Amino acid sequence: MICLGIETSCDDTGLALVEDGRVIAAVLASQADVHALFGGVVPELASREHLRFIGPLFDALMERASMGPERIDLIAVTRGPGLGGSLLVGSAFAKTLALSLRKPLLGVNHLHAHLLACGLVEELVFPGLGLVVSGGHTELYRLDAPDRILRLGRTLDDAAGEVFDKVGNFCGLSYPAGKQIDELANRGNPHAFELPLPYLKNENLDFSFSGLKTAAINLASGLDFGDGGLESFCASLNRAIAETLAIKARRALELADGISAFYLAGGVAANSMIRARLQKLMAGRGGRLIAAPPRLCMDNGVMTAYTGWLLGSNGWRHELDLEIVQRGRRMPDDMKQTDFKKDTGRKVNG
Ligand code: KG4
Ligand code: ZN
């Protein structure tokens with residue numbers, strides 16, 4: 001089965017083709033430089049840029065794969081959560097292709113796709129727990145199968161990536177600041193500055209990062225960043241975020257018995273201190289951290305195509321009335337399972 005994946009949930013336009021679990025071709029257009037001028041993603045601009053890029057990217061993908069669109073068996077598209085206008089561009093494009101090529105459609109949960117993309121580099125282990133950390137999300141999950149993923153906790157306000165981006169911006173770093181803070185942090189002292197570990201005095205698996213964001217900006221406004229001060233400030237901020245994530249991850253592991261695999265994905269999962277901290281947590285429990293490789297951490301079409309293939313080869317489909325789901329809205333449980341052998345003429349996944 002050849003699955004086309006279309007990702008337009010935020011500010012990256014990504015398209016990819018996955019055949020039987022392997023990537024055939026992928027294309028990606030990042031809008032980071034456009035939004036950098038404003039210090040964050042401007043939704044209206046993001047939709048316009050997706051609209052400008054998506055057609056030419058589809059042509060480029062076909063050329064790269066040396067195939068015609070009629071060979072596509074399934075069209076998978078990110079249906080949310082994300083920015084409404086951005087999601088609409090991808091889903092309208094996907095529906096048009098599905099109609100004109102007479103191929104089935106599947107809406108993919110962007111956060112599940114972040115986690116499942118780990119399967120492109122390591123065998124997926126179930127049951128597992130997973131953490132998606134990005135510019136817009138910080139969510140903990142239990143994974144029992146590709147089509148049985150349950151959210152255990154989420155951020156009540158800002159995502160971890162928002163803290164990196166906004167605090168970095170305040171310190172004069174360009175958007176998105178996460179990668180730069182990561183690099184600066186590697187040369188600093190993580191214990192140099194005291195920052196609060198937020199929202200831990202409770203029993204739940206939710207996060208709240210807005211207080212840390214404010215505390216870090218307040219601290220930074222009184223600092224003179226000469227002589228390695230910025231490096232140590234970044235290291236201290238990074239440590240506060242990594243520790244907070246690890247403490248809630250450990251709590252989730254303690255609540256769920258017999259879990260040996262922990263997935264880490266999303267843009268912020270590229271962070272070296274967070275990876276090392278969760279690696280240590282899992283090693284201490286005799287388990288395994290399965291982290292998405294840095295190239296798959298940022299938004300991309302490969303994870304959508306791969307998730308589409310995983311679910312689609314088990315018969316999951318959506319109708320053409322598939323709705324997009326904006327960030328913060330409930331994801332409807334509206335996938336339908338069909339006799340997939342009829343669609344593709346062969347059984348692909350188990
Ligand atoms: O998943 P993603 O591409 O888009 C969203 O869905 O948000 O994540 C982008 C986020 C940005 O906040 C960026 O600063 C952060 O990922 N990021 C990092 C690193 N690389 C990217 N944060 C910390 N350390 C990094 N190495
Ligand atoms: Zn994302």
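Trainee: At what angle do α8 and helix α9 pack, and how far apart are their axes?

Mentor: First, how to read it: axes are lines fitted to C-alpha atoms, for helices over the stretch in contact, and angles run from 0 to 180 degrees between N-to-C directions. Helices (H or I, at least four residues) and strands (E, at least two) are DSSP runs, numbered from the N terminus. In this predicted model, α8 and α9 (residues 272–284) pack at about 30°, with axes 9 Å apart.

Trainee: Is that roughly parallel or roughly antiparallel?

Mentor: Angles under 35 degrees count as roughly parallel, over 145 as roughly antiparallel, 65 to 115 as roughly perpendicular and the rest as oblique. That is why α8 and α9 are called roughly parallel to each other.

Trainee: Which residues of α8 and α9 make the contact?

Mentor: Contact means heavy atoms within 4.5 Å. On α8, look for N238, I241, A242 and L245, among others; α9 brings in M273, I274, R277, L278, L281 and M282. The residues of this contact divide into twelve nonpolar, one polar and four charged. Zoom in on I274: leaving out residues up to four places away in sequence, I274 touches F164, N238, I241, A242, L245, L264 and V268.

Trainee: How many residues are in the largest nonpolar core?

Mentor: The general idea is that in soluble globular proteins, nonpolar side chains tend to be buried together. A nonpolar core is a set of buried Ala, Val, Leu, Ile, Met, Phe, Trp, Tyr and Cys residues joined through side-chain atoms within 4.5 Å. Buried means under 20% relative accessible area, exposed over 50%, partly exposed in between (1.4 Å probe, protein chains only). Here the largest core has 80 residues, and I274, L278, L237 and I241 are among those with the most contacts inside it. Helix α8 (residues 229–255) gives the most to this core, with 13 residues. A second, separate core of 25 residues includes L4, I6, A29 and L105.

Trainee: What about L212: buried or exposed?

Mentor: L212 has 0% relative accessibility, so it counts as buried. You'll find L212 in helix α7 (residues 210–221). Beyond its neighbours within four places in sequence, L212 is in contact with residues including V163, P198, L237 and I241. The C-alpha atoms of L212 and P198 are separated by 6.2 Å, though the two are 14 residues apart along the chain.

Trainee: What is the phi of S66, and what is the phi of R102?

Mentor: S66 has a positive phi of about 50° although it isn't a glycine. R102, another non-glycine, has a phi near 55°. S66 counts as exposed because its relative accessibility is 65%, and R102 counts as exposed because its value is 75%.

Trainee: How should I read the numbering and the cut-offs for this model?

Mentor: Residues are numbered from 1 along each chain as its sequence is written, and chains are lettered from A and ligands numbered from 1 in the order in which they are written. Local features need pLDDT of at least 70, side-chain atom pairs count only at pLDDT 80 or more, and totals for chains, interfaces and linings use all residues, while side-chain values use heavy atoms, with hydrogens and water left out.

Note on methods:
Nonpolar A, V, L, I, M, F, W, Y, C, P; charged D, E, K, R; others polar.
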